[in-house]
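Dear colleague,

Please find below the structure that I am handing over to you. My notes on it come after the display.

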Amino acid sequence: MSPRPDVTNERKTQILNAAEDIFSQKGFDGARMEDIAGETGVSKGTLYLYFKSKDELIFAILDRMFQREFKQFEDLEKQSTSAIDTIWKMIDLISKDIVGLIRIIPIVYQFLALAFRNKFVQAALKKYINHYLDILTPIIQQGIDSGEFRAVDAREVSIAMGAIIEGTLLLWVYDRTIVDPEKNIQAGIKILMDGILTEK
């Protein structure tokens, strides 16, 4: 029996990138493992050594999207800056990520559609939104405690920020001629931040 090949991070990354392309083109339902194997340049058998099912691939893509962003946010938290500066650095990262991930936005909305009927996707998205709130809410609270922000509900502000980001992306899906995700997300966050900043 041939030895099982090493499962390398490099190969996994290649497979995930290929899967993103195939899912963007054909959707989750229309894509086949054979399509992803062909796009990656490996056999179907080799593909199954890395990911046992299409669902496992879907969750891996979702996890990769969120984990990279969370790592960037957590690194920002460690820097000694004001709350408003930290928020704007986070928004800058999100904006740049969105520009880089435009090609897989269709996948993001397929995740949302799956969440209505797939309890595992629903649980994953719930975990990620709560992680996002757990990172952002203390930053808002720091701004309140330091006097940068008015005495508002930090969690509600965090939810509003998330709504601006997700809502802008949804509007972009509706009509790409009137919405610029990077520009409009930053404009929306500025309006929100201006509303909670204390007067100087």
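The model is predicted, so local features need pLDDT of at least 70 and side-chain atom pairs count only at pLDDT 80 or more, while totals for chains, interfaces and linings use all residues. Residues are numbered from 1 along each chain as its sequence is written, and side-chain values use heavy atoms, with hydrogens and water left out.

Buried means under 20% relative accessible area, exposed over 50%, and partly exposed in between (1.4 Å probe, protein chains only). Leaving aside neighbours within four places in sequence, M193 is in contact (heavy atoms within 4.5 Å) with I84, I87, F149, V157 and M161.

On the surface, L170, L171, V173 and Y174 form a nonpolar patch with about 380 Å² of accessible area together. Such a patch joins nonpolar side chains (Val, Leu, Ile, Met, Phe, Trp, Tyr) within 5 Å, from residues with over 30% relative accessible area and no salt bridge; areas come from the Shrake-Rupley method with a 1.4 Å probe, and only the protein chains shown count as cover for residues. Y174 lies in helix α8 and is exposed, at 61% relative accessible area.

Salt bridges

The whole structure holds five salt bridges, each a side-chain nitrogen of Lys or Arg within 4 Å of a carboxyl oxygen of Asp or Glu. K44 and E34 pair at 3.0 Å, N to O. Because K44 lies in helix α3 and E34 in helix α2, this pair ties together parts that are ten residues apart in sequence. K26 and D35 meet at 3.4 Å, N to O, and a network of salt bridges links K26, R32 and D35. D35 is buried, at 13% relative accessibility, whereas K26 is partly exposed, at 42%.

The loop residue R150

R150 lies in the loop between α7 and α8 and is partly exposed, at 41% relative accessibility. R150 and G195 are 45 residues apart in sequence, yet 8.7 Å apart in space, C-alpha to C-alpha.

Yours sincerely

Key:
Helices (H or I, at least four residues) and strands (E, at least two) are DSSP runs, numbered from the N terminus. Patches are made of residues with over 30% relative accessible area and no salt bridge: like charges are joined within 9 Å, nonpolar side chains (Val, Leu, Ile, Met, Phe, Trp, Tyr) within 5 Å.
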